[in-house]
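My entries follow in the order in which I wrote them.

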Amino acid sequence: MGILGTGSYLPAEVVTNDDLVRRVPDADPEWVSRKTKIEARRFAAPGEATSDLAAEAAVRALRGAGLDAAGIDYLIVSTSTGDSPQPPTSALVQDKIGAGRAACFDINVVCAGFVFGIALANSLIATQPGAKVLVIASDVYSRILDFGDRRTAVLFGDGAGAAVLGAVPDGYGLVDLELVSRGEANELIHVPAGGSRLPASAETVANGDHYFKMNGRGVREFVASGVPPALETLLKRAGVAVEDVDHFVPHQANGVMLAELVEQTGLTAATTHLTLDRYGNVGSASVAVTLDEAARSGALTDGDLVLLAGFGGGMSVGACLLRWRAI
(Lines give C-alpha, C1' and ligand atoms only; values in the text may rest on other atoms or scores of the structure.)
Protein backbone atom coordinates (compact mmCIF):
# COMPACT_ATOMS: atom_id res chain seq x y z
CA MET A 1 0.00 0.00 0.00
CA GLY A 2 1.19 3.49 -0.76
CA ILE A 3 0.14 7.06 -1.40
CA LEU A 4 -1.35 7.72 -4.82
CA GLY A 5 -2.01 11.43 -4.38
CA THR A 6 -2.04 14.19 -1.77
CA GLY A 7 -3.92 17.44 -1.30
CA SER A 8 -4.46 20.20 1.23
CA TYR A 9 -6.56 23.26 1.85
CA LEU A 10 -5.90 26.26 4.09
CA PRO A 11 -8.55 28.96 4.63
CA ALA A 12 -7.99 32.37 3.06
CA GLU A 13 -7.73 34.47 6.23
CA VAL A 14 -4.11 34.91 7.34
CA VAL A 15 -3.72 35.80 11.02
CA THR A 16 -0.20 37.03 11.79
CA ASN A 17 1.25 37.36 15.26
CA ASP A 18 0.63 41.12 15.01
CA ASP A 19 -3.01 40.44 14.09
CA LEU A 20 -3.38 38.02 16.98
CA VAL A 21 -2.73 40.75 19.54
CA ARG A 22 -6.18 42.12 18.80
CA ARG A 23 -7.71 38.81 19.94
CA VAL A 24 -5.13 37.78 22.55
CA PRO A 25 -4.04 40.97 24.34
CA ASP A 26 -1.20 39.24 26.23
CA ALA A 27 0.33 37.70 23.06
CA ASP A 28 3.42 39.78 22.34
CA PRO A 29 4.35 38.99 18.69
CA GLU A 30 8.06 38.65 19.46
CA TRP A 31 7.33 36.30 22.35
CA VAL A 32 5.11 34.10 20.16
CA SER A 33 7.74 33.88 17.43
CA ARG A 34 10.58 33.14 19.86
CA LYS A 35 8.69 30.55 21.89
CA THR A 36 6.94 28.71 19.04
CA LYS A 37 8.56 29.71 15.69
CA ILE A 38 5.01 30.40 14.46
CA GLU A 39 4.62 33.63 12.47
CA ALA A 40 1.05 33.21 11.13
CA ARG A 41 -1.90 30.84 10.96
CA ARG A 42 -5.12 30.55 8.94
CA PHE A 43 -8.62 30.90 10.35
CA ALA A 44 -11.74 29.52 8.70
CA ALA A 45 -14.30 32.01 7.44
CA PRO A 46 -17.56 32.28 9.43
CA GLY A 47 -19.36 30.06 6.94
CA GLU A 48 -16.62 27.41 6.76
CA ALA A 49 -16.76 24.24 8.85
CA THR A 50 -14.49 21.22 9.19
CA SER A 51 -16.30 19.31 6.43
CA ASP A 52 -15.84 22.20 4.00
CA LEU A 53 -12.07 22.25 4.51
CA ALA A 54 -11.95 18.46 4.33
CA ALA A 55 -13.86 18.36 1.04
CA GLU A 56 -11.51 20.89 -0.58
CA ALA A 57 -8.44 18.90 0.48
CA ALA A 58 -10.08 15.68 -0.69
CA VAL A 59 -10.82 17.03 -4.18
CA ARG A 60 -7.20 18.14 -4.54
CA ALA A 61 -5.89 14.74 -3.41
CA LEU A 62 -8.18 12.97 -5.86
CA ARG A 63 -6.96 15.25 -8.63
CA GLY A 64 -3.37 14.45 -7.67
CA ALA A 65 -4.12 10.73 -7.84
CA GLY A 66 -5.96 11.06 -11.14
CA LEU A 67 -9.11 9.52 -9.63
CA ASP A 68 -12.77 10.39 -9.47
CA ALA A 69 -14.58 10.46 -6.12
CA ALA A 70 -16.91 7.74 -7.37
CA GLY A 71 -13.96 5.35 -7.42
CA ILE A 72 -13.23 5.64 -3.68
CA ASP A 73 -14.14 2.57 -1.61
CA TYR A 74 -13.52 3.98 1.90
CA LEU A 75 -13.48 7.54 3.20
CA ILE A 76 -11.91 8.24 6.60
CA VAL A 77 -11.98 11.65 8.28
CA SER A 78 -9.69 12.33 11.22
CA THR A 79 -10.93 15.26 13.30
CA SER A 80 -11.48 16.38 16.87
CA THR A 81 -13.49 19.42 15.76
CA GLY A 82 -16.25 17.85 13.68
CA ASP A 83 -19.12 19.90 12.29
CA SER A 84 -21.40 18.51 15.03
CA PRO A 85 -21.56 15.50 17.40
CA GLN A 86 -23.44 13.64 14.68
CA PRO A 87 -23.72 12.72 11.86
CA PRO A 88 -20.09 11.80 11.22
CA THR A 89 -18.22 14.57 9.42
CA SER A 90 -17.13 11.94 6.89
CA ALA A 91 -20.77 11.54 5.81
CA LEU A 92 -20.95 15.25 5.05
CA VAL A 93 -17.69 15.08 3.09
CA GLN A 94 -18.93 12.04 1.15
CA ASP A 95 -21.99 14.02 0.09
CA LYS A 96 -20.00 17.17 -0.80
CA ILE A 97 -17.53 15.39 -3.09
CA GLY A 98 -19.85 12.77 -4.57
CA ALA A 99 -18.12 9.68 -3.18
CA GLY A 100 -21.41 7.82 -3.00
CA ARG A 101 -19.88 4.34 -3.20
CA ALA A 102 -17.53 4.85 -0.25
CA ALA A 103 -18.10 3.49 3.23
CA CYS A 104 -17.23 6.41 5.48
CA PHE A 105 -16.44 6.97 9.14
CA ASP A 106 -14.64 9.38 11.47
CA ILE A 107 -11.75 8.77 13.83
CA ASN A 108 -10.62 11.00 16.69
CA VAL A 109 -7.01 10.48 17.72
CA VAL A 110 -6.45 14.25 17.81
CA CYS A 111 -3.06 15.20 16.33
CA ALA A 112 -1.95 11.61 15.66
CA GLY A 113 -5.11 10.93 13.66
CA PHE A 114 -3.73 11.14 10.11
CA VAL A 115 -1.18 8.39 10.75
CA PHE A 116 -3.79 6.26 12.53
CA GLY A 117 -5.95 6.78 9.44
CA ILE A 118 -3.12 5.48 7.24
CA ALA A 119 -2.92 2.41 9.48
CA LEU A 120 -6.65 1.79 9.02
CA ALA A 121 -6.31 2.23 5.26
CA ASN A 122 -3.52 -0.34 5.25
CA SER A 123 -5.77 -2.86 7.01
CA LEU A 124 -8.64 -2.25 4.61
CA ILE A 125 -6.42 -2.63 1.55
CA ALA A 126 -4.87 -5.80 3.00
CA THR A 127 -8.32 -7.44 2.95
CA GLN A 128 -9.41 -5.83 -0.32
CA PRO A 129 -6.25 -5.30 -2.41
CA GLY A 130 -7.95 -3.30 -5.14
CA ALA A 131 -9.53 -0.79 -2.74
CA LYS A 132 -8.88 2.94 -2.88
CA VAL A 133 -9.00 4.71 0.49
CA LEU A 134 -9.28 8.46 0.98
CA VAL A 135 -7.82 9.56 4.33
CA ILE A 136 -8.59 13.16 5.28
CA ALA A 137 -7.47 15.09 8.36
CA SER A 138 -9.31 18.33 9.05
CA ASP A 139 -9.57 20.60 12.07
CA VAL A 140 -11.01 24.04 12.84
CA TYR A 141 -9.43 24.85 16.19
CA SER A 142 -10.20 28.56 15.98
CA ARG A 143 -13.77 27.72 17.08
CA ILE A 144 -12.73 26.12 20.39
CA LEU A 145 -9.85 28.36 21.45
CA ASP A 146 -9.95 30.51 24.58
CA PHE A 147 -8.45 33.76 23.31
CA GLY A 148 -7.91 34.79 26.89
CA ASP A 149 -5.30 32.03 27.27
CA ARG A 150 -2.19 33.00 25.32
CA ARG A 151 -0.51 29.64 26.07
CA THR A 152 -2.92 27.84 23.73
CA ALA A 153 -4.55 30.54 21.58
CA VAL A 154 -1.31 31.47 19.80
CA LEU A 155 -0.53 27.92 18.66
CA PHE A 156 -3.45 26.80 16.55
CA GLY A 157 -4.88 27.39 13.10
CA ASP A 158 -7.35 25.74 10.76
CA GLY A 159 -6.71 23.50 7.78
CA ALA A 160 -7.13 20.14 6.09
CA GLY A 161 -4.91 17.62 4.34
CA ALA A 162 -5.70 14.41 2.50
CA ALA A 163 -4.15 11.41 0.82
CA VAL A 164 -5.48 8.73 -1.50
CA LEU A 165 -4.07 5.30 -0.69
CA GLY A 166 -4.01 2.12 -2.71
CA ALA A 167 -1.80 -0.59 -4.14
CA VAL A 168 1.63 0.50 -5.44
CA PRO A 169 4.41 -1.48 -7.18
CA ASP A 170 6.67 -3.75 -5.11
CA GLY A 171 9.43 -1.88 -3.36
CA TYR A 172 7.33 1.22 -2.73
CA GLY A 173 4.78 2.32 -0.16
CA LEU A 174 4.33 1.51 3.49
CA VAL A 175 7.34 -0.08 5.16
CA ASP A 176 5.99 -0.26 8.72
CA LEU A 177 3.84 1.45 11.35
CA GLU A 178 4.03 2.11 15.07
CA LEU A 179 0.95 3.20 17.03
CA VAL A 180 1.08 4.04 20.75
CA SER A 181 -1.60 5.22 23.20
CA ARG A 182 -1.11 6.39 26.78
CA GLY A 183 -4.57 6.85 28.24
CA GLU A 184 -3.26 7.64 31.69
CA ALA A 185 -2.17 11.03 30.29
CA ASN A 186 -5.66 11.83 28.98
CA GLU A 187 -6.00 15.11 30.87
CA LEU A 188 -2.96 16.77 29.26
CA ILE A 189 -5.11 17.82 26.30
CA HIS A 190 -8.89 17.96 26.53
CA VAL A 191 -12.16 19.83 26.01
CA PRO A 192 -14.09 19.23 29.25
CA ALA A 193 -17.69 19.84 28.17
CA GLY A 194 -19.99 18.91 25.32
CA GLY A 195 -20.07 15.12 25.79
CA SER A 196 -22.00 12.68 27.97
CA ARG A 197 -19.82 13.37 31.04
CA LEU A 198 -20.52 17.10 31.06
CA PRO A 199 -23.33 17.97 28.64
CA ALA A 200 -23.71 21.48 27.31
CA SER A 201 -25.51 23.83 29.68
CA ALA A 202 -25.61 27.51 30.52
CA GLU A 203 -23.17 26.76 33.34
CA THR A 204 -20.60 24.95 31.15
CA VAL A 205 -20.71 27.78 28.63
CA ALA A 206 -20.29 30.40 31.34
CA ASN A 207 -17.33 28.47 32.79
CA GLY A 208 -15.59 28.19 29.42
CA ASP A 209 -15.67 24.40 29.61
CA HIS A 210 -16.12 24.06 25.84
CA TYR A 211 -12.72 25.58 25.18
CA PHE A 212 -9.58 23.62 24.37
CA LYS A 213 -7.37 23.03 27.43
CA MET A 214 -3.73 21.96 27.40
CA ASN A 215 -1.01 21.37 29.97
CA GLY A 216 1.89 22.66 27.88
CA ARG A 217 4.65 21.47 30.18
CA GLY A 218 3.10 18.02 30.46
CA VAL A 219 2.73 17.74 26.69
CA ARG A 220 6.34 18.73 26.16
CA GLU A 221 7.47 16.08 28.64
CA PHE A 222 5.27 13.48 26.92
CA VAL A 223 6.77 14.28 23.51
CA ALA A 224 10.32 14.12 24.87
CA SER A 225 9.74 10.79 26.63
CA GLY A 226 7.19 9.14 24.34
CA VAL A 227 7.98 10.01 20.73
CA PRO A 228 11.68 9.03 20.41
CA PRO A 229 11.11 5.43 21.67
CA ALA A 230 8.21 4.99 19.22
CA LEU A 231 10.36 6.14 16.29
CA GLU A 232 13.29 4.02 17.43
CA THR A 233 11.07 0.93 17.70
CA LEU A 234 9.64 1.53 14.22
CA LEU A 235 13.02 2.01 12.54
CA LYS A 236 14.56 -0.95 14.34
CA ARG A 237 11.74 -3.26 13.32
CA ALA A 238 11.98 -2.00 9.73
CA GLY A 239 15.74 -2.57 9.70
CA VAL A 240 16.41 1.06 8.81
CA ALA A 241 19.18 3.14 10.37
CA VAL A 242 18.13 6.61 11.50
CA GLU A 243 20.71 8.21 9.22
CA ASP A 244 19.08 6.53 6.20
CA VAL A 245 15.79 8.40 6.66
CA ASP A 246 15.61 11.05 3.93
CA HIS A 247 12.60 13.07 5.11
CA PHE A 248 10.95 13.67 8.48
CA VAL A 249 7.39 15.01 8.49
CA PRO A 250 6.37 15.60 12.13
CA HIS A 251 3.24 17.02 13.71
CA GLN A 252 3.63 20.80 13.64
CA ALA A 253 3.18 21.45 17.33
CA ASN A 254 5.89 23.96 18.24
CA GLY A 255 9.05 24.85 16.34
CA VAL A 256 11.33 24.91 19.37
CA MET A 257 10.05 21.53 20.56
CA LEU A 258 10.50 20.01 17.08
CA ALA A 259 14.12 21.18 16.90
CA GLU A 260 14.73 19.44 20.23
CA LEU A 261 12.96 16.30 18.97
CA VAL A 262 15.14 16.11 15.84
CA GLU A 263 18.27 16.28 17.97
CA GLN A 264 16.96 13.78 20.48
CA THR A 265 16.00 11.21 17.82
CA GLY A 266 19.18 11.62 15.78
CA LEU A 267 17.23 12.61 12.66
CA THR A 268 19.66 15.43 11.89
CA ALA A 269 20.60 13.98 8.49
CA ALA A 270 16.97 13.94 7.31
CA THR A 271 15.20 16.94 5.85
CA THR A 272 12.65 18.02 8.45
CA HIS A 273 9.64 19.56 6.74
CA LEU A 274 7.97 22.46 8.52
CA THR A 275 4.84 24.48 7.77
CA LEU A 276 4.10 25.74 11.28
CA ASP A 277 5.73 29.11 10.60
CA ARG A 278 2.91 29.87 8.12
CA TYR A 279 0.01 27.74 9.37
CA GLY A 280 0.61 27.07 13.06
CA ASN A 281 -0.62 23.82 14.59
CA VAL A 282 -3.56 22.56 12.50
CA GLY A 283 -4.29 19.55 14.69
CA SER A 284 -4.56 16.21 12.93
CA ALA A 285 -4.21 18.01 9.58
CA SER A 286 -0.66 19.20 10.26
CA VAL A 287 1.15 16.03 9.09
CA ALA A 288 -1.13 15.74 6.06
CA VAL A 289 -0.73 19.40 5.06
CA THR A 290 3.03 19.28 5.48
CA LEU A 291 3.32 16.03 3.52
CA ASP A 292 1.30 17.53 0.68
CA GLU A 293 3.50 20.63 0.53
CA ALA A 294 6.65 18.49 0.54
CA ALA A 295 5.26 16.30 -2.26
CA ARG A 296 4.10 19.20 -4.41
CA SER A 297 7.38 21.08 -3.99
CA GLY A 298 9.27 18.18 -5.58
CA ALA A 299 11.31 17.64 -2.43
CA LEU A 300 10.25 13.98 -2.20
CA THR A 301 11.92 11.97 -4.93
CA ASP A 302 11.37 8.42 -6.10
CA GLY A 303 12.62 5.86 -3.59
CA ASP A 304 13.13 8.29 -0.69
CA LEU A 305 12.42 7.07 2.84
CA VAL A 306 9.80 9.33 4.44
CA LEU A 307 9.04 9.17 8.17
CA LEU A 308 5.71 10.59 9.38
CA ALA A 309 5.09 11.21 13.08
CA GLY A 310 1.90 12.49 14.68
CA PHE A 311 1.45 12.95 18.42
CA GLY A 312 -1.13 14.56 20.66
CA GLY A 313 -4.24 14.22 22.77
CA GLY A 314 -5.07 10.87 24.23
CA MET A 315 -2.12 10.85 24.58
CA SER A 316 -1.11 9.06 21.38
CA VAL A 317 1.78 8.66 18.95
CA GLY A 318 1.42 7.47 15.38
CA ALA A 319 4.47 6.93 13.17
CA CYS A 320 4.88 5.36 9.76
CA LEU A 321 7.75 4.85 7.34
CA LEU A 322 7.12 5.09 3.60
CA ARG A 323 9.26 4.31 0.57
CA TRP A 324 8.13 7.18 -1.58
CA ARG A 325 6.84 6.58 -5.08
CA ALA A 326 6.98 9.74 -7.20
CA ILE A 327 3.43 10.95 -7.80
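Entry 1, Arg237. I began with Arg237, which is partly exposed at a relative accessible area of 43%. For these labels I take buried as under 20% relative accessible area, exposed as over 50% and partly exposed as in between, with a 1.4 Å probe and protein chains only. The model is predicted, so I kept local features only at pLDDT of at least 70 and side-chain atom pairs only at pLDDT 80 or more, while totals for chains, interfaces and linings use all residues. Residues are numbered from 1 along each chain as its sequence is written, and side-chain values use heavy atoms, with hydrogens and water left out.

I searched the whole structure and noted twelve salt bridges, each a side-chain nitrogen of Lys or Arg within 4 Å of a carboxyl oxygen of Asp or Glu. Arg237 pairs with Asp176 at 2.8 Å, N to O. Arg237 sits in helix 8 and Asp176 in strand 8 (residues 173-181), so this pair ties together parts 61 residues apart in sequence. Helices (H or I, at least four residues) and strands (E, at least two) are DSSP runs numbered from the N terminus. I also noted a network of salt bridges that links Asp176, Glu178 and Arg237.

Next I looked up Asp73, whose side chain meets that of Arg101 in a salt bridge at 2.7 Å, N to O. Asp73 lies in the loop between helix 3 (50-65) and strand 4 (74-78), and Arg101 in the loop between helix 4 (89-97) and strand 5, so the pair joins parts 28 residues apart in sequence. Asp73 is buried at 11% relative accessible area, whereas Arg101 is exposed at 51%.

Arg278 is partly exposed at 35%, and Asp277 is partly exposed at 32%.

How many disulfides does the structure hold? I found zero, counting a pair of cysteine sulfur atoms within 2.5 Å as a disulfide. The sulfur of Cys320 is 16 Å from the closest cysteine sulfur, that of Cys111, which is too far for a bond. Cys320 is buried at 0% relative accessible area, while Cys104 is partly exposed at 25%.

I noted a volume of about 910 Å³ for the largest pocket. On a 1 Å grid over the protein atoms alone, a pocket is an open set of points where a 1.4 Å probe fits, with protein on both sides within 12 Å along at least five of seven lines; lining residues have an atom within 4 Å of a point. Grid points are joined across faces, edges and corners, and the volume is the space filled by probe spheres set on them. The lining has 32 residues, with Ser80, Thr81, Gly82, Asn108 and Val191 nearest the centre. Strand 5 (103-107) and strand 9 (189-190) are the elements that give two or more residues to this lining. I sorted the lining into 14 nonpolar, 14 polar and four charged residues; Ala, Val, Leu, Ile, Met, Phe, Trp, Tyr, Cys and Pro count as nonpolar, Asp, Glu, Lys and Arg as charged, and the others, Gly among them, as polar.

Of its 28 lining residues, Arg151, Leu155, Met214, Gly216 and Asn254 are closest to the centre. Helix 8 gives the most to the lining, six residues.
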